[in-house]
Amino acid sequence: MAEDWMRALSQYVNQQNQDEIDFGSRVEEGIVTDLDYLLRLGERKRRLADWYSERKAVPLRCETRAKLLREIEHREGEVEVELQLLRKTDYERGGVQHREEVIHKQRLTLQHEDGDWMVARVLQPIPERSAPRNSDAAAESAKSGAGAKPYLNRELLKSGFRSTPYRRQDAVLYADRWWDDFNPQFAAFEVDCTNYISQCLFAGGAPINYTGKRDSGWWYKGYVGGKEAWSYSWAVSNALERYLSGKSGLAEPVDRPEQLELGDVIVYDWDGNGAFQHSTIVTAFDAGGMPLVNAHTVPSKHRYWDYRDSYAWSDNTVYRFFHIVDRF
């Protein structure tokens, strides 16, 4: 019996893989009976087709590897599972081939109907929309890393800021090293995008602005006396946007994505209501000179900057583009 529903799961993953590059209507009978999901899938495929066309890009192939994380519940004739999908998508633009990688999680309910196993429900979490508004909320989801938690930039804390170049390539190397994992020297968060971006900036030499107050500066101490210690701006997208927009000396707002360089930052307000929920770092450029970004929460590597392929994206999405200064 387990082999039967596992075969159905494999068929579902194959269909997911095809739907990322083939935007036409499916001729063959599908494995999914969840009508709400099928409606959303149709809308997503239309959006992806328009997205590629507007970018003058052509999807070439997609490889989706699935990992069964756990069986949540197993009843007679029904099983609920949590699935991780690692998707690698190759596309061509301007004669150059690019690859992006994204890791999603899904919860599926499979049911045995008329002798066959079918996917009866598909739940697609959208963790980028779950960004906390402040560090107290972020701390509830934080998990301590394995290593010690020392002060960072110890010299800077003692002597103040120095004229130091931003090492953009170091920030990018760090971003590519940890895009799908957590550095054990830092706390990890369920919504980890801004914590990850802050680590990338720090790896590039961005100076800690330690105030000891959560609502000011940009700093991280880790766990002190069993309690978390970091600024809102280190761990929360909305606070990072305010910090970079202010007089931090760390960044300069720019108007267009074409003005960004490697190691620069984009933040996202999915609903256009002034609350920024997601942060990414520029790690490459496509053949047209448009930024490709890395992120956490939904781990992403060299993803097209506008995120129109994201389940979190909406027509109201607002972006902020930040050029990290060349010298601090």
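Contact here means heavy atoms within 4.5 Å. By that rule, residues 24 or more positions apart account for 64% of the contacts with a separation of 6 or more in the protein chain.

The model is predicted: local features need pLDDT of at least 70, side-chain atom pairs count only at pLDDT 80 or more, and totals for chains, interfaces and linings use all residues. Residues are numbered from 1 along each chain as its sequence is written, and side-chain values use heavy atoms, leaving out hydrogens and water.

The protein chain has eight helices and twelve strands (DSSP runs numbered from the N terminus: helices H or I, at least four residues; strands E, at least two). Of its 328 residues, 53% are buried (under 20% relative accessible area, 1.4 Å probe, protein chains only).

The largest nonpolar core holds 41 residues. Such a core is a set of buried Ala, Val, Leu, Ile, Met, Phe, Trp, Tyr and Cys residues joined through side-chain atoms within 4.5 Å. Helix 6 (193-203) is one of its suppliers and gives the largest share, six residues. Val265 is among the members that touch the most others.

Two pockets follow. A pocket is an open set of points on a 1 Å grid over the protein atoms alone, where a 1.4 Å probe fits, with protein on both sides within 12 Å along at least five of seven lines; lining residues have an atom within 4 Å of a point. A volume is the space filled by probe spheres set on the points, which are joined across faces, edges and corners.

| Pocket | Volume |
|---|---|
| Largest pocket | about 600 Å³ |
| Second largest pocket | about 300 Å³ |

Strand 3 gives the largest share of the largest pocket's lining, five residues. Helix 2 gives the most to the second largest pocket's lining, six residues.

Notes: Buried < 20%, exposed > 50% of the residue type's maximum accessible area, 1.4 Å probe, protein only.
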